[in-house]
Amino acid sequence: MKIQEIKDILAGTPTEEQLETFRQDTRAGVQKLLAAFAKKQEKEQAERQRFSNMLTYEKEYLALPGITHIAGVDEAGRGPLAGPLVIAGVILPEDIFIAGLDDSKKLSGAKREALYPEILEKATAVLVNVVSISNIDKENIYHATQEGMEQILRKIGVRPQVALVDAMHPRVEGIETVPIIHGDALSASIAAASVVAKVIRDRLMLELDKAYPRYGLAKNKGYGSQLHMEAIRQFGATKIHRRSYEPVRSLCLPPVEERDNYLFTPENGKEDAGLAALIRDLEA
């Protein structure tokens, strides 16, 4: 058999009989391909074990009587000076495997974008809540986050019995909430929610950057970078800036227009009409 033929077989799923045949092939090129194949298999096995460890909380609760669905809930955008907060809730099936899924903060933007459609495809249910700037200013960021998470748990497509949450404690009757410090690195469900929330918010801020190009939103995503702070001092704040955050608070500006939170179910490759309308309104 030609080496290229062997390479093609090893790129797929070779049988044990084929592997044994290749092991007996004394050509250096074949043995090199086998070594690379073994290394790849070892890496994949390690990744599956890592992911299995991230399902420890899920397995623990699914083993209890009456527990069939567990939601992971996380947010993106508690700290920025500008733009809404985005919360995501994700329910994963019991036999899930998503290679590379991790805390969104540990992943590159490209990796998050690659994982996003796979999460939407494999998840049992996904719901996103875009928490309005007016609610952040009115409630304070902690309570706005908690209330936004509670809305997620009440309205997500499949009602969970347990919610795993990254260091927060939303309260919804009939749902046990489990706050986990650094949960986005310890629970696959929370990690999936963190990726969805981060992708949605980053995309939203990229759109808002087109309307407010002076503030560097495409790069800083609304956080207080030097460019952003300088722009606020020079040009003032916009309607997407949070009045309750310094240095905007000291400007004593009138409150932003009151708006409800916006909840939607993201669909891969499809633009949500309500979210698009919300972005256009924020850009106006």
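Among contacts in the protein chain between residues at least 6 apart in sequence, 65% join residues at least 24 apart.

Biologist: What share of the residues of the protein chain counts as buried?

Modeller: This is a predicted model, and its protein chain holds twelve helices and six strands, with C-alpha atoms that fill a box of roughly 80 × 50 × 30 Å along the principal axes. Buried means under 20% relative accessible area. Of the 284 residues of the chain, the share that counts as buried is 47%.

Biologist: How many nonpolar, polar and charged residues make up the contact of helix 5 with helix 9?

Modeller: Helix 5 passes helix 9 in a left-handed crossing. On the side of helix 5 the contact is made by Arg112, Glu113, Leu115, Tyr116, Ile119 and Leu120, while helix 9 brings Ala192, Val195, Val196, Lys198, Val199, Ile200, Asp202 and Arg203. Divided by class, these residues are nine nonpolar, no polar and five charged.

Biologist: Which residues does isoleucine 119 touch, not counting residues up to four places away in sequence?

Modeller: Not counting residues up to four places away in sequence, the residues touched by isoleucine 119 are Val90, Ile98, Leu101, Ala192, Val195 and Val196.

Biologist: What is the make-up, by class, of the contact of helix 2 with helix 3?

Modeller: The axes of helix 2 (residues 16-23) and helix 3 (residues 28-53) come within 9 Å and cross at roughly 135°, and the two helices are therefore oblique to each other. Leu19, Phe22 and Arg23 of helix 2 make the contact with Val30, Gln31, Leu34 and Phe37 of helix 3. By class, that contact has five nonpolar, one polar and one charged residues.

Biologist: Is histidine 228 buried or exposed?

Modeller: Histidine 228 is found in helix 11 (residues 226-235), and, not counting residues up to four places away in sequence, histidine 228 touches Leu81, Ala82, Tyr215, Leu217, Asn220, Gly222, Tyr223 and His241. Because its relative accessible area is 0%, histidine 228 is classed as buried.

Biologist: What is the relative accessibility of alanine 167?

Modeller: Most residues other than glycine have a negative phi. Alanine 167, in the loop between strand 4 (162-166) and strand 5 (176-180), has a positive phi of about 55° although it is not a glycine. Alanine 167 counts as partly exposed, with a relative accessibility of 43%.

Biologist: What is the omega of the peptide bond that joins glutamate 246 and proline 247?

Modeller: Most peptide bonds are trans. Proline 247 lies in the loop between helix 11 and strand 6 (262-264), and the bond that joins glutamate 246 and proline 247 is cis, with an omega of about 10°.

Key:
Residues numbered from 1 in each chain as written. Predicted model: local features only at pLDDT ≥ 70, side-chain atom pairs only at ≥ 80, totals over all residues. Heavy atoms only, no water. Left-handed = near helix turned anticlockwise from the far one by under 90°. Helix = DSSP H or I, 4+ residues; strand = E, 2+ residues; numbered from the N terminus. Contact = heavy atoms within 4.5 Å. Nonpolar A, V, L, I, M, F, W, Y, C, P; charged D, E, K, R; others polar. Buried < 20%, exposed > 50% of the residue type's maximum accessible area, 1.4 Å probe, protein only. Axes fitted to C-alpha atoms, helices over the stretch in contact; angles between N-to-C directions. Parallel < 35°, antiparallel > 145°, perpendicular 65-115°, else oblique.
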